[in-house]
There are 4 protein chains.
Amino acid sequence: MIITFKQTVTPEIKHAFQTKFNQLHKQVFIFGLRMAVVGLDHYPFSDQEAEAIDQIIAETPSYVQASRRFHPEDSVIKLPHSEIGAKTFTIMAGPCSVESEDHIRRMAEVAHQGGASILRGGAFKPRTSPYSFQGLGEEGLRYLRKAADENGMDVITEVMDESHVPLVAEYTDVMQIGARNMQNFSLLKAVGKTRIPVALKRGMSASIDDLLNASEYIASGGNTNIILIERGIRTFDHQYTRNTFDVAAVPVLQKLTHYPVIVDPSHAVGAWDLVAPAAYAGTAAGASGMIVEIHDHPEKAMSDGPQALKPDTYLTMTKRVAALRQCMATWED
Amino acid sequence: MIITFKQTVTPEIKHAFQTKFNQLHKQVFIFGLRMAVVGLDHYPFSDQEAEAIDQIIAETPSYVQASRRFHPEDSVIKLPHSEIGAKTFTIMAGPCSVESEDHIRRMAEVAHQGGASILRGGAFKPRTSPYSFQGLGEEGLRYLRKAADENGMDVITEVMDESHVPLVAEYTDVMQIGARNMQNFSLLKAVGKTRIPVALKRGMSASIDDLLNASEYIASGGNTNIILIERGIRTFDHQYTRNTFDVAAVPVLQKLTHYPVIVDPSHAVGAWDLVAPAAYAGTAAGASGMIVEIHDHPEKAMSDGPQALKPDTYLTMTKRVAALRQCMATWED
Amino acid sequence: MIITFKQTVTPEIKHAFQTKFNQLHKQVFIFGLRMAVVGLDHYPFSDQEAEAIDQIIAETPSYVQASRRFHPEDSVIKLPHSEIGAKTFTIMAGPCSVESEDHIRRMAEVAHQGGASILRGGAFKPRTSPYSFQGLGEEGLRYLRKAADENGMDVITEVMDESHVPLVAEYTDVMQIGARNMQNFSLLKAVGKTRIPVALKRGMSASIDDLLNASEYIASGGNTNIILIERGIRTFDHQYTRNTFDVAAVPVLQKLTHYPVIVDPSHAVGAWDLVAPAAYAGTAAGASGMIVEIHDHPEKAMSDGPQALKPDTYLTMTKRVAALRQCMATWED
Amino acid sequence: MIITFKQTVTPEIKHAFQTKFNQLHKQVFIFGLRMAVVGLDHYPFSDQEAEAIDQIIAETPSYVQASRRFHPEDSVIKLPHSEIGAKTFTIMAGPCSVESEDHIRRMAEVAHQGGASILRGGAFKPRTSPYSFQGLGEEGLRYLRKAADENGMDVITEVMDESHVPLVAEYTDVMQIGARNMQNFSLLKAVGKTRIPVALKRGMSASIDDLLNASEYIASGGNTNIILIERGIRTFDHQYTRNTFDVAAVPVLQKLTHYPVIVDPSHAVGAWDLVAPAAYAGTAAGASGMIVEIHDHPEKAMSDGPQALKPDTYLTMTKRVAALRQCMATWED
């Protein structure tokens, strides 16, 4: 149920409503004159109560804090070296895995040169098989942080495990939740208790509503510093691309939510020579940024080599993305 | 089996090989020094025969004429008022259905104003239910042709039925095969016997190879004037979009085939306010053009109203698409 | 709109309603006291008209003749040697393609021995590639008919082409519409004009409603001798099975329609050693029969060898299916 | 790489090989004469080493302990009141959530009456929205255990959170990993460190290989007491069923792995009147058991009411399942 109060409503009246609904074990969210009561469609208001109310929409929102309905302006996430959301375009780049101190440092330089303000790199890797390389752990986090600092960059890295949240939080500016963990509700709650920005990847078979509901698990802990990532979905078609890049999810999400939406062309297509066209598509569709994998020797990469861009390809791509953004700069909604 | 002959090969020798394979009931295609023998992996060549051969690849191609391997340059389709393929970008626009003489004329003017050189409009409509509007038939074709001629445009329209091919051919410059008929092999063969360009839409659950094999049915009749259209695929996710726009299919197809690849953002997303972002995405991904539905009163459209662009939105979109294309003009592969 | 008349309604009154709606270009179907008006939700009935009416449901049915709502009893298709629907279980078996007179005769004997009353075999084959074997054509139909007659069996064979309908109709008892042609509306209309039973296969990405709407194209020509076939759908998962066998579609369809529903385990799984378990599953789910592919030398089959059952496997399977049916015989709904 | 040793090999030789590969940071599994070396395709064996070897298959298995190749016999999981696997058929039944002490006790009686030897019930519930009922927690576990004990049943319940593993382990006989957590690798490792049987549900978009690789995370901790559950996958088709029940996954998995495979018809179809046909299908396909949701007042259920069977329907269904199993008892592979 969504209640719109009259302009004359006082904080006390709103508080009284809230208390009443809380007693019914309903969660209540207040946004100015609007109140969202989750999971309640009707209520027998007294005449006196009804006087404070302008309109009632008998609809149970499944996500509230993510909804643009209650938060019409774009959210902007601010980091030491980056801003994500609204009119900005943010590039996050780096290798799939942190492989060594030297390697991540070289990759950071390349990433930065291409305009990336955020360095990516996995220290804890979710791998389909337990026998694949699982990441360098804390050592990797240290290298990653150092390489970012040396280049005036922020850090994004994945957290896979509730118990790692404090450790990862020490080293990173953005915690990434991977596609496989999009509905790992315990992990979502754990990062929701921090105030560190969270980049939430869409699950392989997650609907748009599933993604927004998952974000609500983070927000319900008080952390609304959320970035959503479209990274391809699983469809019948995976002969030439690893996933199907759902580029239209960008404007769909932008209609529904105020959180920044970025694209991950690397995972969406899974083949290096398709990454750039996918990145251009995502940019032109209006994404607030992108996250891409780069590697100087993809054939030797410890994970996801086939989709990594070599430095030259990356630098050409980022130049073109910048040109597209400039072309789009004058477009008004 | 793909045979590469030595430079010294004579036409007679190639012909002798061809005859031999034809006697085995195998189809043979010759492209310069290369010969594709469909459905044959090995052959016990005599020593004398082997002398003419440089290399044998024991691989059975399932599509040959579509393959860029044998036809490295982009194909270009030439129409009286348009070129499709290579470095061009072609806009096809018009209403979903031809509704009346007056309406298609008004829509043609709008389409043309936005830079479209090809007018679209359905006279025979494939509808999920037999009780839905099925199109104006030949009357519609007449109106469509006339409206295009008045605006110096070419015509594209769908042919659904083998028996309609001669009739539709009288009025149109491009025959469209709809997604539902992508594997209607009788229809494909029928349009393959004409020399009128064919725009083949990808089926809802067609893989890339399915699409290319379907094009081969057209080409095997001798008609290689083929345009491929990505129009969205059916996936688990159809709450906010009608289909999932597989934008990465554009570069995938461009790697595999020399035929022009265009996008249909209208059907891909199925909601007018998502059409423009999808069109920008398709453009930036490198498509050779797009086909879009427009209508001055979408709420009264006889079919597919929800995805039709109003004239103003269409004109804004085409301006932006032109700007993107200009931005991309300097990009070399 | 669905109108339920009062018991006292006369045929004249119903006829008057029908005429009125036909004048509005609406299709009308009468089933006893119920009238379905397609594509009309509301109508300003006069007081006099309203007197004849018991109830109005403001709902536009997209399929009518298929709907169990208007036809609560199971439909039964009667052929010279078979009955399909209601409490029966009908086996259709034979090779994918008719390969030779001798071969189809041997296969007919095996099919019959396993309890099949209908012989299947393709004379016109829809193949993904135009270079694959396309069938023996009329010669194949002759062999098929003869082999069936010699064994006291009926014939089912695919018709792919509107222009072949009269030819195929001469030889077959049931015309099959393949999955790729499920929305080839011209073909559906053509078989709808005959009175020969039609077995309509679900398209690879057809929803349940798509299938029922497609059946309505056949029915709208007056031919309601329709059998529906679940043959697997295309999903992300095609590593070990060719399609995903949607066994739950059997009870779903049985709720919605009165037409018999049978399963095609061969195409659903596409691997011979999985066909039997899928057939048992389809039987237990309540299907009215099944259609399976058999071959004595699958490795030499001209099409779909990998999914063909050898005679021994087929005979074991049909014995078990019969046992399951016997076990289920006492179950009441 | 899979090495088959000669019959004459000694444990010392095998150990020497193992040590060598471990030094290369490769995981090694020994099954009698066979050794699987994960992630290594070739190795330059000395002549002396080669003498011990019968055959080398240069293939990197991604899952080893799950593979039937190394463990040809069916695994059987033994619990106080149940056996799962091989020729047995095990029923797990109960409400979706534990709702109260009284309710779970009543449901346990019904479950038991229908032949279930394992009681299911969620105490920690993974819900799409954070505002939905999240379960009773430890209180729920206590009620569940007590209700099972009173009826001589075992317990299965979901664990969602690494930190809950010790708590849940105190109360349950089988720990269930839900579909959303199938690739929550931290959780898989945590339950892998226990020796409590784990029932692993297939993820909504998990391929068969994904599922087996996920099981390998559990097994690599030493816990090979694993049960696999097919519970429907996400496809384009979710109008009438919540998921698509992939019944053919049962025989596919049985070919590949020795772990017991059971079906969850409740989640697969998501609608109570389709559960029984799906259960019959799963039984006939050869599953080793099923897990179903029951509720005496589904309309008041705290979660998943629409798919819960009322006691009467459940009891009819289990009788029929028992009849099918009896019919199948004589079938030999």
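Asp74(B) is partly exposed, with a relative accessible area of 38%; partly exposed means between the cut-offs for buried (under 20% relative accessible area) and exposed (over 50%), with a 1.4 Å probe and protein chains only. The model is predicted: local features need pLDDT of at least 70, side-chain atom pairs count only at pLDDT 80 or more, and totals for chains, interfaces and linings use all residues. Residues are numbered from 1 along each chain as its sequence is written, chains are lettered from A and ligands numbered from 1 in the order in which they are written, and side-chain values use heavy atoms, with hydrogens and water left out.

**Salt bridges**

- Side chains of opposite charge can pair when their charged atoms come close.
- Over all chains, the structure holds 64 salt bridges (a side-chain nitrogen of Lys or Arg within 4 Å of a carboxyl oxygen of Asp or Glu).
- Asp74(B) is paired in this way with Arg68(B), and their closest N and O atoms are 2.7 Å apart. Arg68(B) is buried, at a relative accessible area of 19%.
- In chain A, Asp149(A) forms a salt bridge with Arg145(A) at 3.1 Å, N to O. Both residues lie in helix H4 (residues 138-150), four residues apart, about one turn of the helix. Helices (H or I, at least four residues) and strands (E, at least two) are DSSP runs, numbered from the N terminus.
- Asp149(A) is partly exposed at 48%, whereas Arg145(A) is buried at 17%.
- A further salt bridge joins Asp210(B) and Arg234(C) at 2.7 Å, N to O. This pair crosses between chains, from helix H7 (residues 208-219) of chain B to the loop between strand S12 (226-230) and helix H8 (249-256) of chain C. Asp210(B) and Arg234(C) are both buried.

**The contact between chains C and A**

- Four residues from chain C and four residues from chain A make up the contact (heavy atoms within 4.5 Å).
- The buried area is about 350 Å², and carbon and sulfur atoms give 68% of it. Buried area is the accessible area (1.4 Å probe) that two parts lose on being put together, summed over both.
- On the chain C side, Arg234(C), Phe236(C) and His238(C) lose the most area to chain A, together 94% of what that side buries.
- Between these two chains there are zero salt bridges.
- Chain C superposes on chain A by a rotation of 180° with 0.1 Å of shift along the axis, at an RMSD of 0.1 Å. Therefore the two copies are related as by a two-fold rotation axis.

**Buried parts elsewhere**

- In chain C, seven of the eight residues of helix H6 (residues 185-192) are buried, so the helix is largely enclosed by the rest of the structure. Its cover includes helix H5 (165-171) and strand S10 (174-177) of chain C.
- Ala284(D) sits in helix H10 (residues 272-284) of chain D and is buried, at 2%. Among the residues that Ala284(D) touches are Tyr280(C), Ala284(C) and Met328(D).
- Asn243(D) is buried as well, with a relative accessible area of 4%. Its side chain reaches the backbone oxygen of His267(D) at 2.9 Å.

How values were computed:
Copies are superposed by least squares on the C-alpha atoms of residues with pLDDT of at least 70 in both. A polar contact is a pair of N or O atoms within 3.5 Å; within protein, one must be able to donate a hydrogen and the other to accept it, and residues adjacent in sequence count only if both atoms are side-chain atoms. Lists of a residue's contacts leave out its neighbours within four places in sequence.
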